[in-house]
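Thank you all for coming. I would like to take a few minutes to go through one model, part by part, with the structure on the screen.

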Amino acid sequence: MKYIIKDADGNITNTIVADAEFVEANFEHYEEWVAPTSPEPTAEETARQWRDSELAATDYIMPLTDHPQRDDYITYREELRQWPATNSFPATRPELGE
Amino acid sequence: MSNFSDFIGGGGGLPVNIVLGHSQTWVPPVAGNICIHVVGAGGGGVGTDGSNRSGGGAGYCKKNSLAVTTSGSFTVVVGAGGEGGYNNATGGTGGNTTVAGTGLSATLTANGGTGATTSAQGVGGTAANGNVNNTGGAGAYTGGGAVGITGTGNAGSASADNDPYGGSCDSVGPESIIGHGYICGGKGGDMFYSKTAASATYGPMNYSPNGTGGFLAGGGTWYMDGSGMGQRAHGGHGGIGGGGGGCNNDAGATYATGGNGGNGIVIIQYLPA
């Protein structure tokens, strides 16, 4: 556990690693430290992560010149790369054509 | 078990290290002479969109020798590492580690390093009342400052061109040689440099780096070059007593978080009779 130690005026004097029993026995003014909450990913971040995962998942197809949908995937991957610069980002995801 | 020979099993050759990683009242388990190593906590790095700013390393205080008995008692307070700053928030200052008790005329004190700001690197913590009192290394472009065992702690380098690591401990060695009044640390964490194009000029290009510093060493920074990447980045955490690495993300400060400073520690070693 992490505790913030204060003086009588409420000024922080130290931040320590301790259990509650030790702090209660040795300090008069203290409070338990609370970790700041991590901000939730934004829609743009979530979209970029999905885009990156799609590119990574389809990367193996590019060297396969006889893959039946290779041309579709080339187009799809290009759309994925351009997507963040378009008006449809992040709301509308590119889709693989038939 | 009433004396030192019993405590170490009668062989007499092995050092006895007692590691105290959190605050407590410590009572010597046997009588003997001890060496006390006191390490403060490292400061946190800062996350920005304009600079690599890292936390300072902690101070180091050492009491060479103190005679103790099982009736003695020591109050050990261990400082907590400073939190890395997110979105331009200043990194937290590391806590101070202290030891007071029977036979000590003054409190052994190793202060924490300060956190980095958007305009300044963290400063190393000071120390007082030991036979050895060393100031920690300052934060730097490549990473957090280290704890200094033989002198002032090392900072990372001011440029990544030659040495892309956080500050390394000035006493680097295998764990096996620790003992009998001496401790060793590790190497600073890697600095990471990510670039939009796959042409990073230095440092590993890695989207999930582990720039954590070794024992008593600073964490490495992470510079994400290229606003189009839009990925979150995080400076490496400091090892015990080490400063946290800063993070500079061109995508914006909201994508950047500094590394945490390492917690403090107290190591007590029973010395040969």
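**Helix packing, a sheet and the chain contact**

Let me begin with a handedness: helix 2 of chain A and helix 3 of chain A cross in a left-handed way, a term used when the near helix is turned anticlockwise from the far one by less than a right angle, right-handed being the clockwise case. Please keep in mind that this is a predicted model, in which local features need pLDDT of at least 70 and side-chain atom pairs count only at pLDDT 80 or more, while totals for chains, interfaces and linings use all residues. Residues are numbered from 1 along each chain as its sequence is written, and chains are lettered from A and ligands numbered from 1 in the order in which they are written. Helices (H or I, at least four residues) and strands (E, at least two) are DSSP runs, numbered from the N terminus.

On the helix 2 side the contact is made by R51(A), E54(A), L55(A) and T58(A), and on the helix 3 side by Y73(A), R77(A) and L80(A), where contact requires C-beta atoms, placed from the backbone, within 7 Å.

Turning to chain B, 5 strands form an open sheet with antiparallel pairing, in the order 1-16-3-5-10, and two strands pair if DSSP finds at least two bridges between them. Strand 1 (16-20) and strand 10 (132-134) stand at the edges with a single partner strand each, so one side of each has no neighbour in the sheet. Strand 5 (residues 60-68) is joined to strand 10 by 3 bridges, and K62(B) stands opposite V132(B) of strand 10.

Finally, the two chains meet: 12 residues of chain A are in contact with 15 residues of chain B. Strand 2 of chain A gives the most to its chain's side, with 4 residues. That strand also pairs with strand 6 (residues 74-79) of chain B, in the antiparallel sense and over 2 bridges, and there I16(A) stands opposite G79(B).
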